[in-house]
Structures are given as C-alpha cells and as structure tokens.
Amino acid sequence: MKFNKFLWVVFLFLPCLTLAANGVDAPTLFEQGTAFLRAQTYQLALDRFYLAGELSRDDAERAEALRWTGEAYLRDKHYDLAYHDFLTALRLDPLSNNAYSTEFKSAIALVYAKNYTASLEHLNSLEKKNKDIEPLSDIYFWEAECYYQTGKYPEALKLYETILRQNPKYRHTFLVDYLVDWCYFQQKDFDNAYEGFSALAAKPVNHNLKKLAEFQAAESQFWRGNYDDAQAAYAQFTKTYHGDTMEVAAYYGWGWSLAKQEKHSQAAKIFKKIVTDFSQDALAPWAAVREGAEDYAGHDNDSARQDYEEGLKMCAGKSPADFLEYGLGWLDYSEKNYDDAAVQFKKVEGFSPQSALYWDAVYLRAGCLYLQAKYEEAQKIYQEIADPASKELVQDATYWEGWCDYALGHYDLALKRFNFVSQNTQGEPQTRGFWGAAESSYQLAQYSQAEGYYGQAIKNNPSDELAADCYSGLGWSKFQQEKYSEAIQSFKQAAEKASGSPLEAEALLRIADSYYNLHDYEKASENYKKALTKDIGVKAVDAQEQLGWCAYRQEDFTQAVSLWSALIKNDDAAGRKSKLLYWTAWAYFRNKDFKDAQRLFGQVESDYPNDSLAPEAHLREGDCYFNLQQFKDAKDIYQSFIDRYPTHVLLPDALYGLQWSAEKLGLKDEASQVARNFLQKFPDSAFAPSIQYRLADNFYQNKKYADAVDTYQLLLQKYPNSLEAPKSMFWMAMAFSKDDKKTEAIAAFNNFIDKYPNDPLTLEGQFGLGSLYYDAGDFKNALANYSHIFKTDPKHHLAAHALFNSAVCENQLDEKEKALEYYGKVISDYGNDPLAAEASLQSGILYEKLNQTDKALKAYELTISKSKDQSLDAEAAFYHADIYKTTAQYEKAIDEFNALIVNYPDQDQWVVTAYAKVAECYETQKKYKEAEKAYQRILKYTQVKVYRDATMKRLKALQPFLHKSKKTVHHKTSSSATPEAEK
C-alpha cells in the first residue's frame with residue numbers, strides 16, 4: 001500500500017491593489033493582469049504583465065512586472081519559468097520592499113519544481129536574514145517540506161516541532177501537526193503516528209484536514225498490525241465520508257485489513273464492491289487484483305480467474321493490467337498448466353512501460369520450463385535474470401540454474417552455482433545453497449564433502465522440511481562412508497523433523513539398513529517393523545524382505561522362510577519373486593532341509609528360465625542332492641549345468657561338485673576326466689584356469705600332493721597371467737611341503753614371494769617359508785621371514801604367530817634379550833590372542849635361565865591370568881611353584897604344588913609331577929614319611945604305567961631313609977638310647 005501525502009497549501013502574497021476612487025479611469029496593465037490572475041486566465045495575465053514590462057520606465061518597474069509574471073507562472077505550474085522571473089526581478093531591484101517576498105517565492109517555485117537542494121539554499125539564506133517569528137515559521141515550514149520530500153524525515157520532524165514550539169499560534173498549526181504525524185508514519189513509528197492523527201482528528205480543524213487525519217489514523221492502525229481496529233476505522237470512514245473521493249481508498253484499506261486477518265472471502269467481497277460500485281475509480285483495477293488474490297487464497301481459483309479477467313477489461317492495457325496478467329499466470333502455474341502460465345508471464349514481460357513484475361514474470365516462466373523437465377531451456381531464461389533485477393531474485397535464479405545443471409547430470413557445474421549462492425546470501429537462501437552443494441557433492445561421490453555441506457546447512461537452523469532433507473542427506477553421506485552408527489543418528493533426526501511425511505518412513509528404513517550393516521539384526525528388525533507401521537507404499541516390500549534377511553543373518557532360517565514365503569504371495573513383490581524363491585531355497589538349505597531347498601531351486605529354474613538366477617538355482621539343486629546323499633542325481637545336475645551353461649561364471653563350481661559326486665560314487669577318475677575333457681575342448685576358455693586350479697585343488701584335498709604339483713605346474717605353464725597363477729604357485733609350494741620335499745618347497749615359496757610381493761597370500765607364503773627354514777635349523781632365515789610379516793602388516797591374521805615364532809628364533813640364536821622383547825610385544829600388541837599367554841610362559845622360562853626369578857614369577861602369574869588353556873595354566877603354575885622349591889622356599893612350593901593338584905585335576909602330567917615335587921621338597925627337608933605319603937598319592941591318582949614305575953622306583957630308593965628314620969624315632973623315645981646307637 002502506498003503512502004500518499006495530501007498537501008495542498010497555497011501561499012498568496014498578493015499586493016494590495018488601489019482601486020480607482022471614482023472608477024472612471026481605465027485600469028492599468030497591472031490591474032488588468034491581477035484581474036486575469038483571479039480569473040485563472042494565466043496566459044492573458046502574462047500578456048498584460050509582459051506589456052507592462054515592455055512599457056516600464058526603469059528597472060524598478062521592470063522588476064515589478066517580472067514579479068507578476070513569476071506569480072502567473074507559479075500559479076500555472078510552470079515552476080522553472082516562475083523561478084527565472086523571480087530571480088531576474090531580484091537582480092533588477094534587490095533593494096525593493098518586495099525583495100524578501102520575491103526571494104521567498106523563488107524558493108517556493110524551486111520546491112514545486114522538486115529542486116529541493118537549491119530551494120534549501122535560498123531558504124537557509126532567508127532564515128539568516130530574518131528574525132521575525134511569522135516569516136521564520138514559513139521558512140521552517142518549507143525547509144521541512146524539502147527534507148520530507150528527500151526522505152530526511154528526522155530533519156523535517158525537527159523543523160515542524162520547532163514551529164510548534166516557537167510559534168504555537170502559527171496560522172497553519174493544525175497542518176503542521178498533521179505533517180509531524182506523517183513524519184512519524186514515514187519513519188514507521190506507527191504508534192506515535194496513530195496517537196497524533198487521532199488527536200488531530202478530534203480537534204476543531206477544517207473538514208478536509210479532519211478527513212485526512214481520520215484516514216491516516218486508520219492507516220496507522222493497519223501498519224501497527226491492529227487489523228481488526230483498522231478494519232473498523234476504514235468501515236466508519238466509508239460511512240462518515242460517503243461519496244467522498246477518498247471513500248474508495250477506505251474500502252481498499254478495509255479489504256486489506258480483512259486479508260491480513262485471513263478473512264479471504266470477506267476481503268474479496270469488499271474489493272468486489274470497489275470493482276462494481278466504483279468501476280471508474282483509479283483504484284478499481286487494483287481492487288480487481290486484490291479480489292483475485294483473495295479468491296485464490298480462499299481456494300476459489302475459478303472466481304479468481306474471473307476477477308483478473310474483469311480487471312483486464314477495466315484497464316484497457318494500462319497498469320495494473322500487468323498485475324492482472326501475472327495473476328492469471330500464477331493461477332495457471334498453481335494448476336500446473338505450465339504452457340498457459342508461460343504465455344501469461346510472457347505478456348507481463350512485454351508490458352510497456354516495463355512492469356514492476358517483469359523480472360518475477362521472467363523467473364516464473366523459467367520455472368514453468370523447469371517443472372516440465374525442459375532444463376536447458378529453463379536454464380537459458382534463468383541466466384537472463386541479472387541487474388537491474390533485485391539481488392535476491394538474481395540469487396534465486398542462480399540457485400535454480402544449479403538445479404537445472406543437477407537435473408542434466410552436470411553435478412560439478414551445479415556445485416559451483418550452489419557455492420555461489422551459499423557464499424553470497426544469508427538465512428534460508430544460504431541454507432538452500434549449502435543443501436544444493438551437498439546434494440551435488442553426493443552425486444559426485446564426494447561423500448565427506450557432502451557431509452560437510454549438509455552440516456553447514458543444518459547449523460543455519462533451516463525450516464523443519466529442509467532440515468529433514470538435510471539430515472536425510474547427511475545420513476546417506478555417512479552411510480556411503482560406512483559410518484553406520486553416525487548415519488543412524490542423522491536418520492533419526494530426519495525422521496523427527498519429517499514426522500508424518502513419507503521422508504519419516506524412508507528415514508526409518510535407512511536406520512534399519514544401518515543397523516543391518518552393523519550386524520545388529522535385532523535392532524534392524526525392530527526398525528523395519530516400525531517402518532511398516534507407516535505409509536511407505538511399495539517400499540513396504542523392501543522392509544518385509546529385509547526382515548527376512550535379519551532372520552537369515554541370525555540363522556533363524558525357519559523365520560526367514562516364513563517371512564519370504566508370505567512376501568512371495570504379495571502382488572507388490574511380483575518383480576522380485578524369483579529372487580525371493582531363490583533365497584527362500586537357501587534358507588531351507590541352511591536349515592538342512594535339503595528336500596524343500598531342492599524343490600524351490602527347481603521352481604526358480606522352471607518358472608523363471610530366463611532369469612539371471614536360473615543357472616545358479618540349477619547348480620544349487622545339485623548341492624541339495626549331494627547333501628541328501630543322492631550322489632547320482634547330484635552328478636547328473638552338475639553335468640547338465642556344464643552342458644547347458646558352458647560359459648557361466650559358476651562352471652568351475654559345477655565341475656568341482658561333479659568331481660565330489662563322482663568320488664562318492666567311486667568314479668574318481670571319471671570326475672577328473674570331465675575336467676580334463678573340458679580343458680582339452682576349451683583350452684582358451686575364460687574358465688580354463690579356474691577349472692585347472694580346481695583340478696589341482698582336488699588332488700591336494702585328497703592328499704595326492706605329487707599330482708597336485710604337476711597340475712599346478714601345468715596351470716602356470718598354460719596360464720601364467722591368470723588370476724589363478726599366484727595362488728597356484730602358493731599351493732604348489734604347500735604341496736611340496738606336505739610331500740616332505742623341503743628343498744623344492746623352499747624354492748617354490750621364494751619364487752612365489754619374489755614374483756608376487758604384494759599378493760594377499762605372500763605373507764602366508766613367508767610364514768610357510770619361515771617354518772621350513774626353522775625345521776631345517778636355519779633360524780636366521782626363519783627369523784627374517786617371520787619378522788617381515790608382523791613388520792609389514794601388524795594386523796595380518798598371522799602377525800601374532802609370526803612375532804611369537806620370531807621370539808623362538810631369537811632364543812635359538814641365543815639372543816635372549818631380543819627374544820624377551822618379542823615375547824613382550826606379543827603380550828602388549830596382541831593381548832587377546834591365545835599366544836599372549838604362551839609368550840608370557842616362555843618369558844618366564846627365559847627369565848629363569850637368566851636368573852631373574854622375580855620377573856619369572858610375574859611372567860608365570862600373567863600366564864595364568866591371561867590363559868584360557870588349562871594345560872598352559874597348569875604348566876605356568878608348576879613353574880611358579882618350582883621356583884620356590886629351587887630357592888628353598890619349601891613351604892610355599894608345597895602349598896602351590898598342592899594347589900595345582902586341586903585346581904587342575906585333569907592335567908595328568910602336571911598333577912603327577914606336582915606330587916613328585918612335593919615329595920622331593922619333603923625329601924630335601926628329610927621328611928621322609930611325608931615324602932612317602934606324597935609318592936603313595938601318585939599311585940592312587942594314576943594307572944599310567946610309566947608314572948607308576950617311576951614312583952615305585954622312588955619309593956624303593958626311599959626305604960633306607962624310612963628305616964633309619966624309624967630307628968631314630970625309637971631311640972629318641974627310649975631311656976637306654978646312646979649317642980653311638982644313633983649313628
């Protein structure tokens with residue numbers, strides 16, 4: 001709504017005319033001119049004043065004539081000519097009594113000519129020359145007018161208030177009050193404006209000023225947001241000033257007040273009244289614009305269209321015809337009639353003079369093309385939107401150019417445009433720029449970068465709808481980076497922001513998928529079930545299928561069968577029925593229900609013979625028959641697979657199954673011959689190396705190592721560059737080793753390592769080579785191979801074992817400190833590996849050899865705490881107790897040996913030895929009776945001959961001491977004992 005200032009102030013400084021006393025003399029030229037002025041026949045007045053100037057006798061008379069021509073020009077609105085004549089008069093007669101009023105009027109002429117800067121210079125000059133309050137008030141008034149018209153409302157307000165303060169009886173006081181309120185209004189201080197206009201309307205002012213004040217009071221209420229009060233004020237205005245020229249403006253404000261209260265149908269009726277009852281008013285076409293907008297807001301598109309069309313008839317091609325055409329375009333646009341909408345927007349673009357909606361029309365015409373997937377055409381139009389279009393619209397156009405690039409698959413260009421938007425905007429546009437950049441980065445598979453952009457968008461506190469999209473994208477970016485735990489949190493936030501929308505269900509599915517990939521199948525199932533409670537449409541089939549997979553992964557194959565079998569009957573799953581049948585068959589297979597598995601695998605092949613799963617299903621039928629021990633049927637299936645699908649990637653599996661089936665039928669040679677026949681028939685087949693490898697592997701598995709070596713060598717000769725070549729060389733070396741051909745095995749492993757230093761099996765080969773060197777007593781080379789494994793790949797599955805073996809080699813090389821270092825590294829770096837306990841035990845043994853018994857004791861204690869092997873625990877406990885025996889701490893030793901016997905009763909070797917050690921402790925202390933009891937306990941404990949024979953031997957050796965001990969006891973208790981007898 002525009003702010004229109006109604007100011008009609010005319011200052012008339014007319015000289016007093018002296019009337020002829022008797023009325024008989026002819027009027028002078030000046031008298032005639034002033035009469036014409038009063039009659040508003042300005043050209044006749046000018047003629048008289050110009051003639052007076054031509055007949056003037058001096059500069060004073062000529063100046064007087066120019067003052068009157070200036071007055072005539074001023075009244076006839078020729079302000080530049082008026083200013084020129086006033087200024088010329090001043091130059092001709094600067095000392096005239098009329099000089100002040102002439103200079104004042106020249107300044108006023110500049111005001112009306114909108115030359116406010118020049119006018120202010122004149123007025124400021126007059127202000128300095130004048131001290132009289134009345135003329136000063138007039139000067140202040142016009143200075144304020146200059147400031148007001150140039151938008152300097154605080155300066156204008158200050159001057160108006162100065163007038164009211166210094167000259168409260170100023171003849172235009174009420175007008176100044178009105179203008180003070182307008183200054184407040186223009187500064188959007190609507191509270192003070194409303195109070196001022198309301199107060200002025202209540203004063204005894206003239207009718208016109210009262211009307212203007214009441215209208216502006218209503219306007220102020222509107223802009224204060226008090227729409228109900230504004231509505232009432234406008235309505236009252238139409239009653240008070242019925243028939244007034246401002247009545248239509250009041251109705252217009254009334255309609256706007258209702259619109260702001262979203263009373264669209266009522267607002268439309270008010271605007272309709274303007275269109276109908278005041279069709280000739282300048283506001284009537286604008287009311288048609290508003291009527292259409294309100295009907296549209298009230299979801300009455302048909303009425304809106306009629307409104308706009310009626311308005312166009314009233315406009316006759318002039319504004320607001322462009323707004324009405326725009327409204328029609330918007331209706332078509334909202335109804336997805338994009339071609340019709342584009343025609344209307346094109347009319348707006350062609351409007352002359354250029355429409356205020358020109359760039360908006362261009363923008364929406366591009367949108368029409370975008371929404372019809374005409375991205376290249378849309379992009380060309382978006383690119384036209386530039387200065388002088390608003391900065392915001394240029395940025396919006398750039399944003400949609402980005403989406404055009406995105407839709408065309410130009411993700412790198414889209415990313416640049418979205419970056420431009422995010423770097424040059426704030427708030428929601430910047431957030432959308434970050435979002436677009438994230439989406440583009442995601443499509444470029446730059447998932448980490450996408451994650452960053454989504455994060456920046458979220459930091460901007462976007463709307464819930466956009467936040468949901470951002471959190472969803474963030475979840476997907478983390479999902480693609482396998483950050484499944486983080487993805488879950490992002491998808492949860494997406495679901496929360498998108499509650500009740502399709503995106504919520506999508507997020508729940510992705511949460512479930514993330515848990516699935518984390519192998520947390522229980523939580524995955526929970527979330528798939530939660531997703532199924534939402535309206536997820538065809539994606540429900542995905543969730544149901546994944547529920548089956550959760551059961552399958554948890555090895556609940558019965559549940560998997562149940563879920564997939566139910567889904568197979570669902571019409572929405574028709575497109576995946578072959579896959580569901582196939583995996584249901586696998587679930588039966590894994591549940592060892594080979595009969596039902598065979599039935600469903602057969603159904604896949606029979607019902608979907610052209611499906612990609614049909615060949616594999618046929619092969620798995622053979623596996624089912626094999627597990628049912630129907631080896632003849634299995635053999636036939638494998639053979640038929642070979643015949644039907646000679647180029648299938650699973651052909652080696654079929655040959656392998658055929659070999660196993662034939663062997664079970666006692667037809668081993670036949671099985672191998674099938675493979676050989678294939679190799680002879682198709683030596684250049686892509687599967688030939690794999691089949692050759694399987695043939696060799698079959699020999700290896702059947703412990704026919706020499707045949708395996710020959711077959712591996714043949715493969716290496718024929719297919720040296722095949723994928724099977726590296727592993728053939730490795731297993732050939734293993735076959736040499738198994739066949740006890742150590743020299744050949746060492747050579748083969750070295751050859752393999754040299755040729756394939758980066759192969760996944762290379763470190764395995766080095767381990768085997770290390771073991772061969774160790775067995776040959778070459779501890780140095782054994783150490784070199786073992787140590788290379790854990791140094792190259794500390795996480796390799798053989799790293800801990802290689803490190804342990806390195807310690808053993810160092811010990812064999814008498815590098816005990818280095819051996820202890822490696823054992824310590826096993827314990828620290830591979831604490832959860834069973835070898836950590838063994839390393840601790842071996843450390844204890846080495847510490848004992850180095851006479852570091854305290855460290856040895858701690859090492860054995862660590863072994864017991866870490867080990868889960870009873871045998872190893874018992875050994876460590878034995879060595880720990882034995883240290884006490886060796887250091888003559890017999891009571892501790894006996895206690896620990898006895899504890900070993902109690903704690904490890906099933907460890908025969910260590911229990912028997914512990915009994916013997918207890919006996920030795922007693923013997924050493926000459927407690928022969930206790931020693932005898934300990935040996936007797938061994939005989940009660942075990943029936944193993946070797947243990948019993950050794951024990952009997954010790955008991956026999958102990959007899960003399962036992963006999964002597966008895967005598968000694970007898971003499972000590974006899975009163976006739978002598979020292980000699982004790983000897």
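Where in the chain does lysine 592 lie? Lysine 592 sits in the loop between helix H31 (577-590) and helix H32 (594-607); point 5 returns to it.

1. Basis of the note. This is a predicted model, in which local features need pLDDT of at least 70 and side-chain atom pairs count only at pLDDT 80 or more, while totals for chains, interfaces and linings use all residues. Residues are numbered from 1 along each chain as its sequence is written, and side-chain values use heavy atoms, with hydrogens and water left out.

2. Overall make-up. The chain has 52 helices and zero strands. Helices (H or I, at least four residues) and strands (E, at least two) are DSSP runs numbered from the N terminus. The radius of gyration is 54 Å, well over the 30 Å that the globule rule gives for 983 residues, so the chain is more spread out than a compact globule. That radius is taken over C-alpha atoms, and the globule rule is 2.2 Å times the number of residues to the power 0.38. Along the principal axes, the C-alpha atoms fill a box of roughly 190 × 90 × 55 Å.

3. Of the 983 residues, 50% count as buried (under 20% relative accessible area; exposed is over 50% and partly exposed lies in between, with a 1.4 Å probe and protein chains only). Among contacts with a separation of 6 or more, 48% come from residues 24 or more positions apart; contact means heavy atoms within 4.5 Å. The chain exposes about 49800 Å², and carbon and sulfur atoms supply 50% of that area. Accessible areas come from the Shrake-Rupley method with a 1.4 Å probe, and for residues only the protein chains shown count as cover. There are 112 positive and 140 negative side chains, and the centres of the two sets lie 8 Å apart. Lys and Arg count as positive and Asp and Glu as negative, without His or the chain ends; each charge is placed at NZ of Lys, CZ of Arg, CG of Asp or CD of Glu.

4. Two cis prolines. The peptide bond from serine 319 to proline 320 is cis, with omega near 10°. Proline 320 belongs to the loop between helix H16 (301-315) and helix H17 (321-334). A cis peptide bond also joins serine 352 and proline 353, where omega is about 0°. Proline 353 is in the loop between helix H18 (338-349) and helix H19 (358-371).

5. Positive phi outside glycine. Lysine 592 is not a glycine, yet has a positive phi of about 65°. Its relative accessible area is 64%, which makes lysine 592 exposed. Glutamine 629, likewise not a glycine, has a positive phi of about 60°. Glutamine 629 is placed in the loop between helix H33 (614-627) and helix H34 (631-644) and is exposed at 59% relative accessibility.

6. Helix H15. The 14 residues of helix H15 (residues 284-297) should span 20 Å at 1.5 Å a residue, and the end C-alpha atoms are 20 Å apart, in agreement. The expected span is 1.5 Å times one less than the number of residues. Ten of the 14 residues of H15 are buried, including Arg290, Glu291, Glu294 and Asp295. The buried residues of H15 pack against helix H13 (247-260), helix H14 (264-277), H16 and H17. Histidine 299 follows H15 and has a positive phi, near 65°.

7. Helix H4. Helix H4 (residues 79-92) has 14 residues and reaches 20 Å from its first C-alpha to its last, close to the 20 Å expected. Its buried residues are Tyr79, Ala82, Tyr83, Asp85, Phe86, Thr88, Ala89 and Leu90. An α-helix has 3.6 residues a turn, so residues three or four places apart point the same way. The cover over the buried residues of H4 includes helix H2 (42-54), helix H3 (59-75), helix H5 (99-112) and helix H6 (116-129).

8. Glycine 622 lies in helix H33 and is buried, with a relative accessible area of 0%. Glycine 622 touches Ala634, Ile637 and Tyr638, not counting residues up to four places away in sequence. The C-alpha atoms of glycine 622 and serine 661, 39 residues apart along the chain, are separated by 9.3 Å. Phenylalanine 141, in helix H7 (residues 133-149), is buried at a relative accessible area of 1%. The C-alpha atoms of phenylalanine 141 and histidine 172, 31 residues apart along the chain, are 9.4 Å from each other.
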